[in-house]
Amino acid sequence: MTEENNMPEGDTAGENGVPAGVPAEEKRPEEEEEKKKNGDSKVTVPEQTAAPGAEEVDFVHPEGGWGWIVMLAAMWCNGSVFGIQNAFGILFLSLLREFGSEDDEDLRFRTAWVGSLSMGMIFFCSPIVSVFTDVLGCRLTAVGGAAVGLVGLLASSFVTSLGPMYFTYGIVFACGCSFAYQPSLVILGHYFKKRLGLVNGIVTAGSSIFTITLPFLLSGLLEKVGLQHTMRVLCILMFVLMLAGFTYKPLLPVKSANTRTGSRCPPMSQIFNINIWKSLGYRIWAFGIPAALYGYFVPYVHLMKHVEERFGTDANKEVLLMCIGITSGVGRLIFGRVADYVNGVNKVYLQVASFLVIGLMSMMIPLCNIFGGLIAVCLLMGLFDGCFICIMAPIAFELVGANDVSQAIGFLLGLMSVPMTVGPPIAGFLRDRLGSYDVAFYLAGIPPIVGGAVLCLIPWVEARRKRREKEEALSREQNVTQKMIEHDKAQGEAQFKTGESVL
């Protein structure tokens with residue numbers, strides 16, 4: 001889709017009905033106000049090659065077409081990246097047997113850091129990925145990231161000791177996954193607006209599907225062909241992910257930038273986008289989400305060990321993981337669709353509800369003295385986990401707009417890496433000190449509730465901002481009207497004086 005196809009008919013200079021004596025800068029508030037009243041699937045963006053003072057164009061989201069192919073490619077991206085990451089527990093046991101013994105506590109600790117480093121790097125690299133996405137585009141960033149991830153995973157299959165695994169799997173593979181993952185969230189906003197919640201729900205459900213099915217595949221492969229060949233089979237997923245990245249055809253016109261003639265370097269404002277931090281709503285969101293995550297992931301990390309201590313090693317704890325995985329996928333589909341019917345930043349209330357429920361369910365875990373109670377808790381946790389995840393991108397689009405969403409998501413994911421890394425070890429420290437996980441789970445329920453309370457401020461802040469902008473636009477419109485009246489009056493007086501001089 002080209003920009004010329006999106007140009008409104010008759011939108012040329014001199015046809016707006018404003019006298020030529022009024023400066024161009026004074027005409028724009030009215031035009032911008034009119035364009036804000038357009039349909040839900042339109043975004044006002046400047047032309048890529050427009051000269052200063054050129055008119056703006058209205059971009060209409062296709063809401064389908066090639067976008068469905070892009071959705072499937074993004075779904076594969078989410079599934080393959082987080083499916084492999086979430087299945088590290090299966091690879092963990094094989095790594096122990098490959099490099100030592102399952103009973104070696106020191107080896108278990110050092111091996112666990114391979115998976116932790118990998119998951120942390122995916123989110124830690126996100127701010128850098130957002131810059132590459134803005135400069136190079138979604139397609140090139142995603143394809144290059146998938147290629148790097150493929151190289152890292154393939155190199156890991158030839159490693160014969162644990163040390164190099166930190167680099168090949170924990171850094172190279174994880175960085176590649178990060179570069180492949182984030183563009184899959186950004187590109188969806190090029191094709192969908194009215195259905196963005198549903199599409200994000202379907203895309204993020206891919207990780208749930210892979211998380212449920214991939215462990216069974218890996219268990220069979222590890223038993224039949226061993227660890228090295230299993231990793232080479234997983235490289236097929238990364239290769240398909242690289243091909244999927246080629247479907248990310250951008251549609252949104254690129255923002256105009258005043259660069260020097262002949263300069264190939266993008267402007268600093270494009271590399272480090274400070275516009276997102278000018279939004280108070282985004283600043284609250286970027287603080288509230290990480291604050292909630294200090295306790296959010298504690299149950300996911302320590303629940304299995306708590307079940308062994310409370311119900312014995314024979315307890316069917318894998319059922320709990322399956323319950324969380326299944327209901328998380330269902331929640332992403334349901335709440336993704338629900339989000340499409342919630343206007344603007346009010347979608348934040350869905351995240352508030354998800355944090356509230358997950359916080360309460362974390363506090364309920366120590367109170368469950370029967371296994372059936374834990375199953376019920378895990379079903380609810382998974383359902384609202386899906387709610388939280390599937391509407392992150394739609395909220396980012398509402399807060400900062402389509403042109404700034406890449407770095408908005410990137411910086412948020414980067415900030416999320418800190419609590420994701422720090423929270424679970426703190427809970428493990430409390431368990432070692434106190435002898436049980438009870439206090440750790442009680443305390444883990446507090447940050448999600450507090451973070452959810454902070455997010456409640458966002459709709460109020462955004463409503464106040466819109467009222468202020470509306471008042472400023474009305475004031476500018478009145479000023480333009482006043483200047484038009486003065487201009488007409490001056491012309492009338494000049495004509496009257498001209499007539500007197502003739503007489």
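**Reading the salt bridges**

Tutor: Lys347 counts as buried, with a relative accessibility of 7%, where buried means under 20% relative accessible area, exposed over 50% and partly exposed in between, computed with a 1.4 Å probe on protein chains only. This is a predicted model, in which local features need pLDDT of at least 70 and side-chain atom pairs count only at pLDDT 80 or more, while totals for chains, interfaces and linings use all residues. Residues are numbered from 1 along each chain as its sequence is written, and side-chain values use heavy atoms, with hydrogens and water left out.

Student: With which residue does Lys347 form a salt bridge?

Tutor: A salt bridge is a side-chain nitrogen of Lys or Arg within 4 Å of a carboxyl oxygen of Asp or Glu. Here Lys347 pairs with Glu398, their closest N and O atoms being 3.3 Å apart. The pair links distant parts of the chain, 51 residues apart, with Glu398 in helix H17 (residues 392-400) and Lys347 in the loop between helix H14 (318-339) and helix H15 (348-364); helices are DSSP runs of H or I, at least four residues, numbered from the N terminus. Glu398, at 30% relative accessibility, is partly exposed.

Student: How far apart in helix H21 are Arg465 and Glu469?

Tutor: They are four residues apart in helix H21 (residues 457-502), which means a separation of about one helical turn. Salt bridges that share partners join Arg465, Glu469 and Glu462 into one network. Between Arg465 and Glu469 the closest N and O atoms are 2.8 Å apart.

Student: How many salt bridges are there by this rule?

Tutor: The count comes to six.

How values were computed. Helix = DSSP H or I, 4+ residues; strand = E, 2+ residues; numbered from the N terminus.
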